[in-house]
Amino acid sequence: MTSSRKTSRSWSLQFATLATGILLAACAEQSRPSWLDPDGTPPPPVADDTQKIEVPPPPFSDDIFPCTDCHDPDLPVNTKRRKLKLAHQDIVLHHDEQHRWCLDCHSVSNRDKLHLANGTLVDFTESYRLCGQCHGDKYRDWRAGVHGRRSGYWNGHKTYLLCVNCHNSHSPAFKPLEPKPMPKPPEPTK
Amino acid sequence: MTTTGVSRRDFLCVVAGCAAASACSNITHTAWFRKRFAELDADAKAKIVADLERDYSRQYGKDVKVGTTEPMPGVEFGYALDISRCIGCRRCVYGCVEENNQSRDPQIQWIRVLEMDKDYGIDFAHSTPYYDTDKVPREGHFYLPVACQHCENPPCVKTCPVSATWQEPDGIVVIDYDWCIGCRCCMSACPYGARHFNLAPPNVPADEMNPKTHYLGNRPRMKGVVEKCTFCIQRVREGRYPKCVEVCPVGARKFGNLRDPKSEVRYILEHERVFVLKAELNTRPRFFYFYS
């Protein structure tokens with residue numbers, strides 16, 4: 001008598017466990033988003049690093065480019081780190097200024113170009129490669145379309161912005177903006 | 001008795017119909033005696049659209065187009081917003097107002113940017129849309145823009161007594177303003193405060209009115225109907241990004257096709273720390289927030 005009761009209890013316990021399991025599985029199935037393809041391929045890695053990206057022209061100040069207009073390529077370059085007195089005094093470096101200065105990014109051999117840490121020269125239109133050397137995570141996200149604004153077509157041609165279209169390369173922290181007016185609060189009830 | 005062959009009942013029906021049609025100069029026969037939008041065939045839609053375009057063009061003094069672009073097959077829209085980037089500048093709010101012909105006064109804004117206290121985290125009880133400062137972001141605060149979440153399980157759609165709001169195959173929750181009876185059940189059902197009601201006739205200056213419209217989206221609304229974000233249906237069904245994505249100065253807003261594994265939103269869902277608002281309500285939003 002006792003053993004049969006025990007058996008029936010264990011049966012009901014098993015049944016309850018099974019039922020709960022099925023119920024949970026059903027709930028999980030139901031809450032699974034419809035767009036998530038069960039056997040879909042994982043998203044592809046970020047676009048090939050060597051692939052060029054279409055970007056707008058760099059935001060140069062008026063009449064500043066090409067640099068060789070003033071920097072005569074035939075003249076020797078003073079590579080000594082110093083405070084500039086003859087030109088570019090308006091540039092205040094707030095970009096790891098303890099460790100960096102002009103020629104860490106601007107090329108000595110070709111004044112119209114930038115250079116990477118390994119010496120490769122890059123155009124100003126590809127400055128994202130230079131920024132990406134230190135800010136690798138942002139560079140990756142930017143290539144994937146996560147960091148920075150894109151405009152155009154979600155299913156087609158997209159326009160990116162260069163890092164320097166939003167961040168001043170000499171002082172890259174995003175500056176605070178004046179907000180648009182706040183919404184009208186509801187009138188108090190009388 | 002009937003010498004003319006017209007019964008009293010038929011005669012009164014015709015008289016009443018004519019009276020109703022002439023009383024509403026802007027609203028035509030096609031708008032009154034029609035089927036639900038989903039049941040309309042192409043000819044009926046074309047007639048309704050032609051009437052609307054004529055009326056709107058006359059009202060705003062410019063060539064207004066009303067589109068009925070269908071959803072694209074294999075597309076389900078999703079949105080992702082990076083709250084570690086958003087600075088609360090409200091550019092999206094005003095971009096949306098201009099793109100989608102929202103009433104200026106009385107004021108209707110589909111996007112509401114909430115300022116939250118970093119000490120409390122995401123807590124609606126300690127948030128306000130009425131922050132007024134010279135510069136944003138303010139120290140110790142972060143910002144959470146909220147509009148329609150285009151839920152997969154939308155409570156607003158369930159509650160509409162006349163099926164004037166529904167979910168399209170591409171996931172956009174739309175409203176047929178001509179079918180809405182203004183009962184506002186959907187507004188009370190929406191846990192995100194995303195729906196807005198035209199208590200008075202909306203007012204959009206003619207020179208600022210966006211003439212490129214969609215029947216289920218940014219065409220001019222009338223008094224007594226509910227409206228809300230449509231992911232810029234007039235833009236996204238043609239492949240373009242929503243307006244708010246393109247005006248955001250910090251690039252916090254991301255948009256794309258959830259069913260395309262290569263899309264930006266899918267990348268974010270697979271790689272970033274993503275959450276949805278009020279997940280416990282099982283509304284299953286297609287609007288995701290993330291920290292980058």
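**Exercise 1. Contacts within chain A**

Find what share of the contacts in chain A with a separation of 6 or more comes from residues 24 or more positions apart.

*Solution.* In this predicted model, such residues account for 53% of those contacts in chain A. Next, look at the elements: chain A has 4 helices and 4 strands, and from the N terminus on they run α-β-β-α-α-β-β-α. Finally, consider burial: of the 190 residues in chain A, 11% are buried.

**Exercise 2. Two helices of chain A**

Work out how helix 2 and helix 3 of chain A are placed against each other, and which residues meet.

*Solution.* Start with the geometry. Two packed helices are described by the angle between their axes and the distance between the axes. Here helix 2 (residues 127-134) and helix 3 (residues 136-144) of chain A pack at an angle of about 135 degrees, and their axes are 6 Å apart. Angles over 145 degrees would count as roughly antiparallel and 65 to 115 as roughly perpendicular, so helix 2 of chain A is oblique to helix 3 of chain A.

Now look at the contact itself. Helix 2 of chain A brings A:Tyr128, A:Cys131 and A:Gly132, which meet A:Gly136, A:Tyr139 and A:Trp142 of helix 3 of chain A. By class, the residues of this contact are 4 nonpolar, 2 polar and no charged.

**Exercise 3. Where the chains touch**

Describe the contact between chain A and chain B, starting with how many residues take part.

*Solution.* Chain A has 30 residues in contact with 44 residues of chain B. On the side of chain A that touches chain B, helix 3 and strand 3 (151-152) of chain A each supply at least two residues. Sorted by class, this side of chain A has 15 nonpolar, 10 polar and 5 charged residues.

**Exercise 4. A sheet in chain B**

Trace the open sheet of 4 strands in chain B and the helix that lies across its strands.

*Solution.* First, the order: the strands are arranged 11-2-13-12, with mixed pairing. At the edges are strand 11 (253-257) and strand 12 (273-275) of chain B, each pairing on one side only. On average, neighbouring strands of this sheet are turned by 30 degrees against each other, direction ignored.

Then zoom in on one pair. Strand 2 (residues 77-82) and strand 13 (residues 287-291) of chain B run parallel and are joined by 4 bridges. B:Asp82 has B:Phe290 in strand 13 of chain B as its bridge partner.

Helix 9 (residues 264-271) of chain B lies across strand 2, strand 11, strand 12 and strand 13 of chain B, and runs at about 110 degrees to strand 11 of chain B.

**Exercise 5. Nonpolar cores**

Which residues touch the most other members of the largest nonpolar core?

*Solution.* This core has 67 residues, and the answer is B:Tyr79, B:Ile111 and B:Phe231. Beyond its neighbours within four places in sequence, B:Tyr79 is in contact with residues including B:Phe231, B:Phe255 and B:Val265. A second, separate core of 9 residues includes A:Leu114, A:Phe124, A:Leu130 and A:Cys131.

Technical notes. Residues numbered from 1 in each chain as written. Chains lettered and ligands numbered in written order. Predicted model: local features only at pLDDT ≥ 70, side-chain atom pairs only at ≥ 80, totals over all residues. Axes fitted to C-alpha atoms, helices over the stretch in contact; angles between N-to-C directions. Parallel < 35°, antiparallel > 145°, perpendicular 65-115°, else oblique. Contact = placed C-beta atoms within 7 Å. Nonpolar A, V, L, I, M, F, W, Y, C, P; charged D, E, K, R; others polar. Pairing = 2+ DSSP bridges. Buried ≥ 20, exposed ≤ 12 C-beta atoms within 10 Å, placed from the backbone. Core = buried A, V, L, I, M, F, W, Y, C linked by C-beta atoms within 7 Å.
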